[in-house]
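Please work through the following exercises with the sequence and the model at hand. Each task is followed by a solution in steps.

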Amino acid sequence: MQDQRSGIKDSPSRALREQFGDIDIYLFDQLLRGRFDGRTRVLDAGCGSGRNLPYLLARGFDVFAIDESPAAVDAVRSLTAKLAPALPADNIRQGALDALPWTDASMDAVVCSAVLHFARDRAHFDGMLDEMWRVLAPGGLLFARLASSIGIEQLLDRPVGRVRLPDGSDRFVVDERYLVDRTRELGGALLDPIKTTNVQNQRCMTTWVTQKNR
């Protein structure tokens, strides 16, 4: 459909959505910066309905995905059938992030967008993180977006743990020190400085991008 006033055949937002879906804008930034160049085996851990997958599927990435929700898994399988019908159906699984069904070092990149903050407690958080790190190959990338206490420490009961956020939601939050320490303990290195978006002191979302040491 063409806009007769401008000569543009379609709205930019519609064209971008057709190519990228509703991709996390911070993941889009990593794609633009070449972080997924050469990293073709990508696991979406906690994939939901597949908002971050259309571009990867259409570009021929070897996509893997897992979610606890049967409805989410069905949605991603439908998306895969449309955009990448040759992808093995077994690449999309229903299951828990703290018990991933894939072998050690089998993924070049793991994407975990807005999932880790649903951890029940620190053991659950670390269990999910340890499993994602286990399946990541040396030199692989972990991209995570998660709730944090960074910038709203004074509004929370504790900087690390399960808390009630000012927006009324209950989330597991972490602080900068926790992410830095876990990066070192896992044997990784930060690819970007830890970046946090403060949403009017109601919640804070942090982007954590790390590489597994070779």
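The model is predicted: local features need pLDDT of at least 70, side-chain atom pairs count only at pLDDT 80 or more, and totals for chains, interfaces and linings use all residues. Residues are numbered from 1 along each chain as its sequence is written, and side-chain values use heavy atoms, with hydrogens and water left out.

**Exercise 1. Determine where alanine 114 and asparagine 201 lie and how exposed each is.**

Step 1. Helices (H or I, at least four residues) and strands (E, at least two) are DSSP runs, numbered from the N terminus. Alanine 114 is in the loop between β4 (107-113) and α5 (122-135), and asparagine 201 is in the loop between β9 (195-199) and β10 (203-212).

Step 2. Most residues other than glycine have a negative phi. Alanine 114 has a positive phi, near 60°; the phi of asparagine 201 is also positive, near 60°.

Step 3. Buried means under 20% relative accessible area, exposed over 50%, and partly exposed in between (1.4 Å probe, protein chains only). Alanine 114, at 31% relative accessibility, is therefore partly exposed. Asparagine 201 has 35% and is likewise partly exposed.

**Exercise 2. Identify the strands that pair with β1.**

Step 1. Two strands pair if DSSP finds at least two bridges between them. Five bridges link β1 to β2 (residues 62-67) in the parallel sense, with arginine 41 opposite aspartate 62 of β2.

Step 2. β1 also runs parallel to β4, joined by three bridges. Aspartate 44 has valine 111 of β4 as its bridge partner.

Step 3. Of the five residues of β1 (residues 41-45), four are buried.

**Exercise 3. Describe helix α5 and the setting of aspartate 126.**

Step 1. The expected span of a helix is 1.5 Å times one less than its number of residues. α5, with 14 residues, reaches 20 Å from its first C-alpha to its last, close to the expected 20 Å.

Step 2. Aspartate 126 belongs to α5. Aspartate 126 counts as buried because its relative accessibility is 18%.

Step 3. A polar contact is a pair of N or O atoms within 3.5 Å; within protein, one must be able to donate a hydrogen and the other to accept it, and residues adjacent in sequence count only if both atoms are side-chain atoms. The side chains of aspartate 126 and tyrosine 178 make such a contact, at 2.7 Å.
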